[in-house]
Amino acid sequence: MKIIASNFKTNHTRKSTSAFCEELERFITQKQAKSQPFAHQITLFPPQSALLENRFDSFTIGAQNAYPTKNGSYTGEIGLEQLVEFGIQTLLIGHSERREILKESQSFCAEKFEFFKQLGFHIYYCIGESQATKQQGLNATLEFLESQFCGIDLAYPNLIVAYEPIWAIGSGVSASLEEIAQIHMHLKKKLGKIPLLYGGSVKPQNVREILSISGVDGVLVGSASWEISSFCQILENS
Ligand code: PGA
């Protein structure tokens, strides 16, 4: 069983997300009807305006972001109350785009983590180094990644970690198999049984070999998951 997650980022509307989900459900049901074993755990993260009720049999809907509050005055944010309405119990925290573009600090990521942990949410927690850090070598990279676990409870049973090197995100070129294997080996020593995903330019052409690396329990996919045909191909190849 592998974990395959799709991050829509700021793509898709409510209507197109709905069509995507219906088609995905059909695709998986048909596969199962042909008694092709299909045991992957799939999660989709649509944009907030396209959150759908969590009513699908073959995959889960999660939120890309939420503010650590039940409700209140946090203009532009959604909190627990809004997630509950959709039956959402899965959340992405720490994505590099939020850390870099929205300037989310490690302490804020940890605050969100703690809030949603108390509520039993499934948390996909992202870490990843920049090109500049990578260039400083393996030790600097591992130290940086370590700093991104500050305030994060690694004993939390509903935690999934995604290692997403920033330099590989949206670039079309994933980290090499050797690079992924090396970092995952180091991270696994720390994380133990916590599932560890790789993200960064995963696509139908490379998903199989990435998933075959020891220490890779799944993938978090951005751009190559936005077209349903491409996402189904990723599932087909997984
Ligand atoms: P990408 O994005 O697959 O487009 O590189 C991955 C991510 O940001 O999660």
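This is a predicted model: local features need pLDDT of at least 70, side-chain atom pairs count only at pLDDT 80 or more; totals for chains, interfaces and linings use all residues.
1. Eight strands make up an open sheet with parallel pairing, and their order is E3-E2-E1-E8-E7-E6-E5-E4. The edges are taken by strand E3 (60-61) and strand E4 (90-93); each has a single partner strand, so one side of each is left without a neighbour in the sheet.

2. The pairing of E1 with E8. Strand E1, residues 3-7, is joined to strand E8, residues 218-221, by four bridges in the parallel sense. Within this pair, isoleucine 4 is placed opposite valine 219 in E8.

3. Helix H7. This helix spans residues 177-191 and lies across strands E5 (122-127), E6 (159-163) and E7 (196-199). Relative to E7, helix H7 runs at about 150°.

4. The shell around the ligand. The ligand is surrounded by 13 residues, and the closest are Lys9, His95, Glu164, Gly170 and Ser223. By class, the shell residues comprise four nonpolar, seven polar and two charged.

5. On the side-chain part, an N or O atom of lysine 9 is 2.7 Å from an oxygen atom of the ligand. A polar side-chain atom of histidine 95 also lies 2.7 Å from a ligand oxygen atom. Glycine 222 contributes through its backbone, with an N or O atom 2.8 Å from an oxygen atom of the ligand. On its own the ligand has 280 Å² of accessible area, of which the protein covers 99%.

Definitions and conventions. Residues are numbered from 1 along each chain as its sequence is written. Side-chain values use heavy atoms; hydrogens and water are left out. Two strands pair if DSSP finds at least two bridges between them. Helices (H or I, at least four residues) and strands (E, at least two) are DSSP runs, numbered from the N terminus. Contact means heavy atoms within 4.5 Å. Axes are lines fitted to C-alpha atoms, for helices over the stretch in contact, and angles run from 0 to 180 degrees between N-to-C directions. A residue is near a molecule or strand if one of its heavy atoms lies within 4 Å of it. A polar contact is a pair of N or O atoms within 3.5 Å; within protein, one must be able to donate a hydrogen and the other to accept it, and residues adjacent in sequence count only if both atoms are side-chain atoms. Accessible areas come from the Shrake-Rupley method with a 1.4 Å probe; for residues, only the protein chains shown count as cover. Ala, Val, Leu, Ile, Met, Phe, Trp, Tyr, Cys and Pro count as nonpolar, Asp, Glu, Lys and Arg as charged, and the others, Gly among them, as polar.
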